[in-house]
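Here are my notes for you, point by point. Have a look at the fold before reading on.

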Amino acid sequence: MIKKALYPGSFDPITLGHLDVARRASHLFDEVIIAVAYNEKKRALFNMEERVNLIKESLIERNMPKNVLVTSYTCLTIDFARSLSINSIIRGLRVISDFEFEFQMALTNRRMEPRIETVFLMTHEDYSYISSTIIKEIASLNGNVTPWVTDIVKNALNTKLIESEGK
């Protein structure tokens with residue numbers, strides 16, 4: 001039986017912290033699927049197709065293991081995992097404040113589907129303080145985001161911000 005894991009998130013944009021979690025998960029599972037979630041409550045900078053493509057190109061740029069794949073979905077995470085016969089959900093934890101929300105989600109998902117376990121991986125200390133929101137804020141103020149994102153994401157952020165200034 002293939003051990004598959006789903007790594008869901010908004011990834012708006014994907015950071016090196018996300019990629020670090022995916023890389024480490026790829027050593028634990030036969031297949032890791034990074035899944036871009038649609039969340040109508042969040043106003044994303046990049047649309048879903050752009051985020052999926054940025055992740056695919058970032059995987060190539062960072063020479064990620066071939067067992068890391070990318071997709072998107074618009075339903076409940078637990079339903080999507082079930083539809084793919086996945087039995088593990090990967091979640092990255094940066095700081096203690098992440099834990100309360102993630103713990104609540106893990107318990108809710110377990111209640112909805114007891115066969116699917118949530119596996120928490122601690123983010124590497126080099127990325128524990130950064131988030132996609134902070135990356136976007138730094139980029140919007142012309143700051144250097146090079147330490148935390150791939151070149152393809154950095155360039156996409158610059159292009160997106162130039163486009164938004166032109167409107």
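In what order do the five strands form the open sheet?

1. The order is 3-2-1-4-5, and the pairing is parallel. Strands pair here if DSSP finds at least two bridges between them; helices (H or I, at least four residues) and strands (E, at least two) are DSSP runs, numbered from the N terminus. The edges are strand 3 (68-73) and strand 5 (117-122), each of which pairs on one side only. On average, neighbouring strands of the sheet are turned by 30° against each other, direction ignored. Such angles run from 0 to 180 degrees between N-to-C directions, with axes fitted as lines to C-alpha atoms, for helices over the stretch in contact.

2. A word on the basis: this is a predicted model, in which local features need pLDDT of at least 70 and side-chain atom pairs count only at pLDDT 80 or more, while totals for chains, interfaces and linings use all residues. Residues are numbered from 1 along each chain as its sequence is written, and side-chain values use heavy atoms, with hydrogens and water left out.

3. Strand 1 and strand 2 are parallel and share six bridges; Tyr7 has Ile34 in strand 2 as its bridge partner. Together with helix 1, these two strands make a right-handed β-α-β unit. Right-handed means that, with the strands pointing away from the viewer, the path from the first strand over the helix to the second runs clockwise.

4. Strand 2 also runs parallel to strand 3, joined to it by six bridges, and here Ala35 stands opposite Thr71. With helix 2 (residues 48-61) between them in the list, strand 2 and strand 3 make another right-handed β-α-β unit.

5. Ser88 has Glu117 in strand 5 as its bridge partner.

6. Do look at the helices too. Helix 1 (residues 16-28) lies across strands 1, 2, 3, 4 and 5, at about 120° to strand 5. Helix 4 (residues 96-112) lies across strand 4 and strand 5, at about 170° to strand 4.

7. Why does Asn109 count as buried? Because its relative accessibility is 8%. Asn109 lies in helix 4 and, leaving aside neighbours within four places in sequence, is in contact with Ile78 and Ile89, where contact means heavy atoms within 4.5 Å.

Methods. Buried < 20%, exposed > 50% of the residue type's maximum accessible area, 1.4 Å probe, protein only.
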